[in-house]
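This report describes selected features of one protein model. Please have the sequence and the structure in view.

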Amino acid sequence: MKIISVVGARPNFMKIAPFIRAIEKYNLSLKKSIQHILVHTGQHYDVRMSEAFFTALGIPNPDINLEIGSGSHAEQLGSTMIAFEKVLLEHKPDWVVVVGDVNATLSCSVTAKKLNIKVCHIEAGLRSGDMSMPEEINRLVTDRLSDLLFTPDILSSENLITEGIPRERIQFVGNIMIDTLELNRGKAKKLEIEEIINNNLIPGCRYAGVQSVNNAYTLMTLHRPSNVDSKKVFGPLIEFLLTEATKNLKLIWPIHPRARKQLKTFGLWDSVIDHPSIILLEPIGYHEMLRLNMGARIMLTDSGGLQEECSVLGTPCLTLRWNTERPVTLRKHGGVSVLVGNNIERIRKEFFHTLMLKRNPSRPKLWDGHTAERIVKIIIA
Ligand code: UD1
């Protein structure tokens, strides 16, 4: 059997690592060989956004890199489809495996289906209901086209059934990201927080690095266009961080290239980098992020993956969105997150309330570290 699997952007890498490892294990144990080809579309290309994760998670170098880079959505999708079609015509795989909800997920599943190649989607069935999110469009199209849909939780399976996807295509296998978390948490735990800060601090950051953060810090990540692309939204959030959130706690912020660019465009960069309690870091590695998450008093994020990691680690989390495609992470479903959107009143109220909450790890069904093995078994069958 020949499988081509596809990655494109940072959140894909922690999902593909366990899948590749499970294929290697299968090949070793049964002395059979699944022929596997890894394609990177090259949507994320900075060392810190891409290569560093391959090294840290032991992912083999991509066999093929399409090097599509940045661009508008149409540009990214179009360039990927043109380049990926050539790969498929040359290698003729039995299956194309896509993960998550980035532009690579959509463009490669459409290209494969047009050539009558079977598609398997890992992390299927997630729905935010928000069609202004590029990722929601990617999820809907990919799931509609996929022959085999692996869901991380029961709510996602139910979404697919409601949409009329035949039940025999849907397989509830658990969350593959948690395979990566479980495999790497021991290594992450050994890292020193101060060392992570010193190794990744953005030059010019006023935080001197000589004071200790003493586990009294907020951890934040932001990258969604809905939060960072408009000054009307981003400005007041920065103001809240500068004046209120940092009164008694340090703020550690590994900054995404999109957020960094927008801070500069809106003239907000200097006030952030000059603030003594804001620790601005370059994008950090997987283990570094896991370590900072383990020690944080509170997480502020608009990332889907971090909401899930917070659940398993128990870090109280404010999700800076009005909706989530991952409702199992919410407090009302037993998780640790609460949706706060980008309304400052609401963020303030929940921030100070959440600071009083204790860590409370929760583990949805089958988030047990063995999802990838289940997936490979099913594909083979
Ligand atoms: C993409 C994904 C999103 C995912 C996020 C994680 C889609 C539609 N979005 O959004 O689902 O949560 O990645 O990071 O696929 N840039 C760099 N260096 C890089 C990569 C990007 O500087 O290595 C810059 C780009 O030039 C661009 C900006 O960052 O200006 C945004 O990159 P882009 O790939 O368009 O989308 P993300 O916002 O990262």
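The sections below cover the basis of the model, a strand, a helix and the cysteines.

## Basis

The model is predicted: local features need pLDDT of at least 70 and side-chain atom pairs count only at pLDDT 80 or more, while totals for chains, interfaces and linings use all residues. Residues are numbered from 1 along each chain as its sequence is written, and side-chain values use heavy atoms, without hydrogens and water.

Buried denotes under 20% relative accessible area (1.4 Å probe, protein chains only); strands are DSSP runs of E with at least two residues, and helices are runs of H or I with at least four, numbered from the N terminus.

Strand S5 (residues 118-122) runs parallel to S6 and is joined to S6 by three bridges. His121 has Leu149 as its bridge partner in S6.

## Helix H8

Ile193, Ile196, Ile197 and Asn200 are the buried residues of helix H8 (residues 193-200). They lie on the same side of H8 because they cover an arc of only 100 degrees around the axis, the arc being that of the directions from the helix axis to the C-beta atoms.

## Cysteines

The whole structure contains zero disulfides, a disulfide being a pair of cysteine sulfur atoms within 2.5 Å. The cysteine sulfur closest to that of Cys317 belongs to Cys310, at 4.3 Å, which is too far for a bond. Cys317 is buried, at a relative accessible area of 0%.

Terms used. Buried < 20%, exposed > 50% of the residue type's maximum accessible area, 1.4 Å probe, protein only. Pairing = 2+ DSSP bridges.
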